[in-house]
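I opened the model to look up a helix pair, a sheet and some salt bridges. My notes follow.

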Amino acid sequence: MASTVHKTASTHNVGVTSFTSIKSGSFLAGGHTWALACGFDHEGHLASITLELLGIGAKDVVATAGIRIEDPLGDWPPAVWRSQDARRFQANMTWELSVPDAYHGHESRYVRDDRLTIQCTIDVLEEYSLEAAVETRNCFVSVVPPPTIAQDLHKLLLADESDYEERRRCRMEPDVTFVVEETEIQAHKLVLAMRSLVFAAEFRWHTNGTRLSIDDMSASTFRAMLRFIYTDELPIKASNTAAQPQRACKEKYASKRCGSMARNLLVAADRYDLERLRLMCHNILAESIDTSTVMGTLLLVRGRHSCRQLEDSCIEYIASQPEVYAAVMATEECQELKKSCSPLIIEIMERVATHNHNRNRNGAFESSSTGRLLEKSWSMYSASEEVGNYDWVLEVCPSEERQGNISMYLGLLSYPPADGVKVTKNYYMVYDPIGKVPVNVIKDAVVPSTYTQKDEAWGYDNFITFESAKSKYLAHDGSLTIYADIAVTKEQPYTSTSIPTTGGTIIVPSSSIALQLQQLMVSEQGADVRFLVEGSEIRAHGLVIAARSPILFEAVAAARDNNDGLLVVCINGMKATVFKAVLHFVYTDELPTLGNTVVAEDVLAAACRFGLDRMKIICENILAEKISQDNAFDILMVARSHHCSKLEDYCLDFILSVPPLAKDVMKTVSLSWQFYYYW
């Protein structure tokens, strides 16, 4: 079995206090248990040192050893011995080590107070099988570049009009023209129908239509929407006006332009059922809400079912602070609505009022104690009560400021949000349980307080005197009861240099182009190419192949047109399963599961044949992961035949790490000078 070694070192000190045969206690080294035995001659001189392996596992242990004897005073150099070769141990096997030469004849240098210390160092060379090495090696040849589907489809839009004949020959020419603001914008029905069910329905309705008019959208918005359809990317980025209100004039203009485009694209996404685009625009608008934009956004999304969350974010912003509400009501949009007596103003005011009502939370609870009221060393707590989704407690204790008085504090037991929790109303009441003494009401005992951390407490230092509590408000059982009535609201700080946040962003799902292309491949809807491979018929879409693999499309462009309108392309020298894997990659930028190394080798060859560089790197990594003694040479030959230099180097490193395999390979074929250099 081929093997390699891993060194594990351990050092153990043995103290010898009498000149007799003696054995050390057991110690661990390299995961195994050892002991050291010292033998002395009839004159009491150290004669032998023996290393013993105590017990063993399922395999032998290979180790080297060393002896070191120090002068306790440090006046003389240590006596050292080290084994030149490793020793293979089996169960309870011993190894007689050598006493260092420097020790002989100089025992007095190393023996002090009738004591000798011997230091034994063991290096365990742990053998492990090739299978274990394969499991732990780095199965990585090259970094796989990111997918390029979006860029490849985008090229369809960027093709210049002067290349019309070439595009026509390659079947990349657009097959539909949209007239938007008297501007002609060309696109591909296959891509639009795949990405939007609305476009698909329109094309089914206008079966022969190659020219459609768009009346309710600007040309710039339509172009931006087309770019998203082809790439799943937004040509605009979210603004950051909330975090940096003091932007330069140019940046502010760009931010307004970004918001305007987001509003227009939001309407377009809603019309053509582009959910990912709608969510992107939603987040841009939610993050850029301020007093100058909130009304425009609210008017845009009002009544759109898919935009309810953004509509709620606008209302939440308007209701966040009185200053914000006043600023919004003073905007030009609101003034125009007031002049026109629009019912929208009344609706906004009602929703703001409802929001404020729902945002505030009221609650009442009490603190009661049946213990004796002492002037020192006592306290009583209420049971925790939930008000405004937070847990609260009342604490009553002797006043630290004024002797003879009782303090009362309202404590927060929950963790507050980052911007705090505000108590906007607090009534505290103490009354005589018999009803003879008037109720003592402490209204707004503390100025409304904001709680910013757990276990924080605000209250009244001199809530009531001991004398008053005992004489007027103590029940027959000796208990004192205090009632609290509070109102809680989440704090949203607002200053002239800060803007309240709405927190209305939504997680945007990842790109779905690859999934939609895969569904298109499986359905074969709109397929215009028929590949014949090993007698099997495989249908595909010429436009997708033209965008993703120009080399493969050369065969498509040279094919003859069949009577059924499909181009027939014969693929020779390739298995059907391999070609299906190629098409799967063309449509998805990923490979399906490859069953064995033979299939992976064939797919690598196909990737090189059709110029699919990303697919080639993926195959190289798959083969590196599957390499073994049985297939290493075959993979090396495949790598050489297809000029995969990195995979070739990886195979050479693997072969050279297994000496028996390297010798077998050298007997089989003479490799390059580089192989001999490594060897």
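I took axes as lines fitted to C-alpha atoms, for helices over the stretch in contact, with angles from 0 to 180 degrees between N-to-C directions. Helices (H or I, at least four residues) and strands (E, at least two) are DSSP runs numbered from the N terminus. The model is predicted, so I kept local features only at pLDDT of at least 70 and side-chain atom pairs at pLDDT 80 or more, while totals for chains, interfaces and linings use all residues. Residues are numbered from 1 along each chain as its sequence is written, and side-chain values use heavy atoms, without hydrogens or water.

**Entry: helix pair**

I looked up H10 (residues 294-301) against H11 (residues 308-318). They pack at about 145 degrees, with axes 9 Å apart. For contact I used heavy atoms within 4.5 Å. H10 brings Val294, Met295, Thr297, Leu298 and Val301 to the contact, and H11 brings Leu310, Glu311, Cys314, Ile315, Tyr317 and Ile318.

I counted two strands as paired if DSSP finds at least two bridges between them. The sheet is open, in the order E14-E13-E15, and its pairing is mixed. E14 (183-187) and E15 (211-214) are the edge strands; each has a single partner, so one side of each lacks a neighbour in the sheet. Neighbouring strands are turned by 30 degrees on average, direction ignored. I then checked E13 (residues 176-180) with E15: this pair is parallel, over four bridges. Thr177 stands opposite Arg211 of E15. Helix H7 (residues 219-231) packs on the sheet and touches E13, E14 and E15; its direction makes about 5 degrees with that of E14.

**Entry: salt bridges**

My rule was a side-chain nitrogen of Lys or Arg within 4 Å of a carboxyl oxygen of Asp or Glu. That gives 20 salt bridges. For burial, I called under 20% relative accessible area buried, over 50% exposed and in between partly exposed (1.4 Å probe, protein chains only).

Asp216 bridges to Arg271, with the closest N and O atoms 2.3 Å apart. Asp216 sits in the loop between E15 and H7 and Arg271 in H8 (residues 249-272), so the pair ties together parts 55 residues apart in sequence. Asp216 is exposed at 55%. Arg271 is partly exposed at 32%.

Asp270 and Arg304 also form a salt bridge, at 2.8 Å from N to O. Asp270 is in H8 and Arg304 in the loop between H10 and H11, 34 residues apart.

Is Arg530 buried or exposed? Arg530 is buried, at 11%. Its salt-bridge partner is Glu537, at 3.2 Å between the closest N and O atoms.
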